[in-house]
Amino acid sequence: MKKITLLLSTLLVATFAQAQDIITRNDSTKILANVLEVNPTEVKYHLYRYETGPHIILLKSTIAYITYSNGAVDRFSNEVAKPLPKYDPDKYNFDKVPVSSYKTEEDKKKRCEKLYTRKNYIGFNYIAFLNTCMAFNYMRDVKKANLIINVPFAVGMGSPALTNSLYGRNYLDGTQTTKYDRLNYQVGLNALFAPSMTREVNFLMGPAFNLSEYRVSVNTQYTTKFASSTIYLDGQFKNQFTLRREHYGINIGALARISQKVNMHMLITFGYKKDTYDQNDPYGIEAINRDAKKQVEVPYNVMPYVNFAWSVGYRF
């Protein structure tokens, strides 16, 4: 009789175990359940023989494995993700030159603040050097007003080739040549407004005024009233005079603050020029017209004018 009772109990336990799912958690505790759903992150179930009870949800990361009623086992891997190694910019830096990591906005802001610690700048104008001139410019930052005061100045070393190519051949009757022998001096004053006074590169715009003085020579050949029909260019007028040129315009350009000490600036000035002379008749217009067969006209005194400046210099 006892053997029969033991056999029946074993069969009941086996039947009971096969009719349920067993959830084994990471801490080895077991839950008798009916598993309803297994998704990528969660397991949904209700307690065994409590079908009307609430649905319970467990994270898969808390479960070691599930033994289903049919004997199948579903095991879960719950490896903890290892933190990424800290970035070392010098790990493969075999030449031992320090490697700078990515600069944050705060780093960029601090760098820009350092670029504005020196208020004065003096630069050498390389374009003016091509015009046989020694030209410099002095700048002063007025950061609170987003303003830069620019004072260009230059002296000549010989005949300015670029000026002659643009303004030197003012022919009157096809035979006059005006030559700029030398730039005596040039000085100016520019007010440059810079809306980007917190950046490494400043956009510049503002009014410009420049005053130049040149030593000029003129050589005019003409035909006199009393020349025969076979004679051409029997008269000549030569002269030397001082020309003073006022230049008014608008500056557009940029200032690059390469470092605390080295800067570079570029300016283009659009405007017009007005000339005055130390003589009443420097080109000899009145003298030539009294004696010439063909009358000539006075050249224009006010003309469009363009100026370029490119300087690299030192900030102090």
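## Cysteines

A search of the whole structure, which is a predicted model, finds zero disulfides. A disulfide is a covalent bond between the sulfur atoms of two cysteines.

## Backbone at two loop residues

Most residues other than glycine have a negative phi. Asn-146 is not a glycine, yet its phi is positive, at about 50°. This residue is placed in the loop that runs between strand E8 (133-142) and strand E9 (147-156). With 28% relative accessibility, Asn-146 counts as partly exposed.

Leu-233 also has a positive phi without being a glycine, here about 60°. Its place is the loop between strand E11 (201-222) and strand E12 (235-257). The relative accessibility of Leu-233 is 28%, so this residue counts as partly exposed.

Is Asn-263 buried or exposed? Its relative accessible area is 0%, so Asn-263 is buried. The residue belongs to strand E13, which comprises residues 262-277.

A polar atom of the Asn-263 side chain lies 3.3 Å from the backbone oxygen of Ser-259. When neighbours within four places in sequence are left aside, Asn-263 is in contact with Tyr-121, Leu-255, Ala-256, Arg-257 and Ile-258, as well as with Ser-311, Val-312, Gly-313 and Arg-315.

Notes:
Residues are numbered from 1 along each chain as its sequence is written. This is a predicted model: local features need pLDDT of at least 70, side-chain atom pairs count only at pLDDT 80 or more; totals for chains, interfaces and linings use all residues. Side-chain values use heavy atoms; hydrogens and water are left out. Helices (H or I, at least four residues) and strands (E, at least two) are DSSP runs, numbered from the N terminus. Buried means under 20% relative accessible area, exposed over 50%, partly exposed in between (1.4 Å probe, protein chains only). A disulfide is a pair of cysteine sulfur atoms within 2.5 Å. A polar contact is a pair of N or O atoms within 3.5 Å; within protein, one must be able to donate a hydrogen and the other to accept it, and residues adjacent in sequence count only if both atoms are side-chain atoms. Contact means heavy atoms within 4.5 Å.
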